[in-house]
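Work through the two exercises below with the sequence and the model side by side. Each task is followed by a stepwise solution.

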Amino acid sequence: MKKSSLSENILYNELKPSIAVLFETDTTKEIRIVFKKAQFMKEHKTSFPITVEIFEGAIDFGVNGTIYNLVKGDLVSLEASVPHDLVAKKDSIVRLTLSKLDTVERVIKVTES
């Protein structure tokens, strides 16, 4: 069993979203992304499917040019190679589920704009 918390030890970065690996399993990596209002992740795509959960706050989630207003409790999945971007409408906590084959470094690079 592995245990972590989306709501403990929250660290907001004033300059860019803060990324923390919560834990890894045999097939996935569970990541927490903490956004201050107006912080964003530029358009990018992945080589593997992902799942995104809005744990707290509100995010404008752009997919192929369409913006979806996601709020606390919303959960979305994307197949590989789908362009997407995120903008925090208020302070937010996002849970990202990556394939074990994907890298956290790739996610960090997306926040460095």
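**Exercise 1.** Which residues lie nearest the centre of the largest cavity, and how many line it?

*Solution.* The model is predicted: local features need pLDDT of at least 70, side-chain atom pairs count only at pLDDT 80 or more, and totals for chains, interfaces and linings use all residues. Residues are numbered from 1 along each chain as its sequence is written, and side-chain values use heavy atoms, without hydrogens or water.

Step 1. A cavity is a set of points, on a 1 Å grid over the protein atoms alone, where a 1.4 Å probe fits but cannot get out; lining residues have an atom within 4 Å of a point. One cavity of 30 Å³ or more is found, and the largest holds about 110 Å³, a volume being the space filled by probe spheres set on the points.

Step 2. Its lining has 14 residues, with Met-41, His-44, Ile-50, His-84 and Leu-96 nearest the centre.

Step 3. By class, ten are nonpolar, three polar and one charged. Asp, Glu, Lys and Arg count as charged; Ala, Val, Leu, Ile, Met, Phe, Trp, Tyr, Cys and Pro as nonpolar; the others as polar.

Step 4. At least two lining residues come from each of β3, β4 (50-56), β8, β9 (92-99) and α1 (104-111), and β9 gives the largest share, three. Helices (H or I, at least four residues) and strands (E, at least two) are DSSP runs, numbered from the N terminus.

Conventions: 1 Å grid on protein atoms, 1.4 Å probe; cavity = no way out; pocket = protein on both sides within 12 Å on 5 of 7 lines; lining within 4 Å.
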